[in-house]
Amino acid sequence: MKDALAIHRWLLAHQVHHEIVRLPRALTCAGELPEIMHADAAHCLEVTVFEVDTRVGLDPVAVLSSVATPPRPAMVGTLLGARKVSPAPAFIVNSATRYAAGLVCPLLLPDDLALLIDERLHRELPGDTLVHTPTGERRTALSLRARDLLALAGGKRLDLAARGRSSLSHGHRASHSLPR
């Protein structure tokens, strides 16, 4: 399992200003970050892992969004052209991300895990905004600028606010295969 120290070392190697915050109490999921850190829920980010049923089979897909606007499985399924989308069980989250379920950091995810990023994060978070994410550990969180996190996370941008249309940024459509 990955942890705060691995994230800290990786960010230092990339010369990214950040802070590993020691939390006053244990975190059970990213949804608790706003309360524990006394931060706006729109500035607290979480990774939700879904099991996506495509024509090929079941695949885990990670979606980065704010705690204030979590992704809905039906919307993700519609945008990906999937037959069925459901939240992944903890053992799938743990094995697919190498982080503890509920505490997944959007950094250092395996290359073979598709990461989709809610387009609203790019539109609504000014680059210098301080954002917070879990680190995989219950007692720490990561704080860094939105611009840095979004640049380092990679992944495909997905318009989760879209109504009735299928859109991945840059004209990509995921109905044929999952973005990697």
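The chain exposes about 8700 Å², and carbon and sulfur atoms supply 52% of that (areas come from the Shrake-Rupley method with a 1.4 Å probe, and for residues only the protein chains shown count as cover). Buried residues make up 51% of the 180 residues, where buried means under 20% relative accessible area, exposed means over 50%, and partly exposed is in between (1.4 Å probe, protein chains only). Keep in mind that this is a predicted model: local features need pLDDT of at least 70, side-chain atom pairs count only at pLDDT 80 or more, and totals for chains, interfaces and linings use all residues. Residues are numbered from 1 along each chain as its sequence is written, and side-chain values use heavy atoms, with hydrogens and water left out.

**Overall layout**

- The chain has six helices and eight strands; these are DSSP runs, numbered from the N terminus, with helices being H or I of at least four residues and strands being E of at least two.
- Reading from the N terminus, the order goes α-β-α-β-β-α-β-α-β-α-β-β-α-β.
- Take the contacts between residues at least 6 apart in sequence: 66% of them join residues at least 24 apart (contact means heavy atoms within 4.5 Å).

**Strand S2 and its partners**

- Eight of the nine residues of S2 (residues 45-53) are buried, so this strand is largely enclosed by the rest of the structure.
- S2 runs antiparallel to S3 (residues 58-66), with nine bridges joining the two; strands count as paired if DSSP finds at least two bridges between them.
- In that pairing, Glu51 sits opposite Pro60 of S3, while Val52 has Asp59 as its bridge partner in S3.
- The S2–S3 hairpin has four residues between its strands, and Gly57 there takes a positive phi near 155°.
- S2 also pairs with S4 (residues 84-87), again in the antiparallel sense, over four bridges.
- On the S4 side, Val52 is bridged to Val85.
- S3, for its part, pairs with S5 (residues 114-118) in the parallel sense over four bridges, and Leu64 has Ile117 as its bridge partner in S5.

**The nonpolar cores**

- The largest nonpolar core holds 29 residues, and Leu64 and Leu107 touch the most other members (a nonpolar core is a set of buried Ala, Val, Leu, Ile, Met, Phe, Trp, Tyr and Cys residues joined through side-chain atoms within 4.5 Å).
- Elements giving two or more residues to this core are H1, S2, S3, H4 (90-97), S5, S7 (140-145) and H6 (146-153).
- H6 gives the largest share of this core, four residues.
- Apart from this core lies another one of 14 residues, among them Phe50, Leu79, Val85 and Ala114.
- Setting aside neighbours within four places in sequence, Leu64 is in contact with residues including Leu45, Val47, Pro106, Leu121, Leu150 and Ala153.

**Helix H4**

- Which residues of H4 are buried? They are Ile92, Val93, Ala96 and Thr97.
- Looking down the axis of H4, those buried residues fall within an arc of 100°, so they line one face of the helix (the arc is that of the directions from the helix axis to the C-beta atoms).
- Phe91 and Ser95 are exposed, on the face of H4 turned away from its buried side.
- S2 and S3 are what the buried residues of H4 pack against.

**Helix H6**

- Ala146, Asp148, Leu149, Leu150 and Ala153 are the buried residues of H6.
- Their cover includes S2, S3, S5, H5 (119-124), S6 (130-134) and S7.
- Gly154 follows H6, and its phi is positive, near 70°.

**Ala4, in helix H1**

- Ala4 belongs to H1 (residues 4-13) and, at 6% relative accessibility, counts as buried.
- Beyond residues up to four places away in sequence, Ala4 touches Ile20, Thr135, Glu137 and Thr140.
- Ala4 and Ile20 are 16 residues apart in sequence, and their C-alpha atoms are 7.0 Å apart in space.
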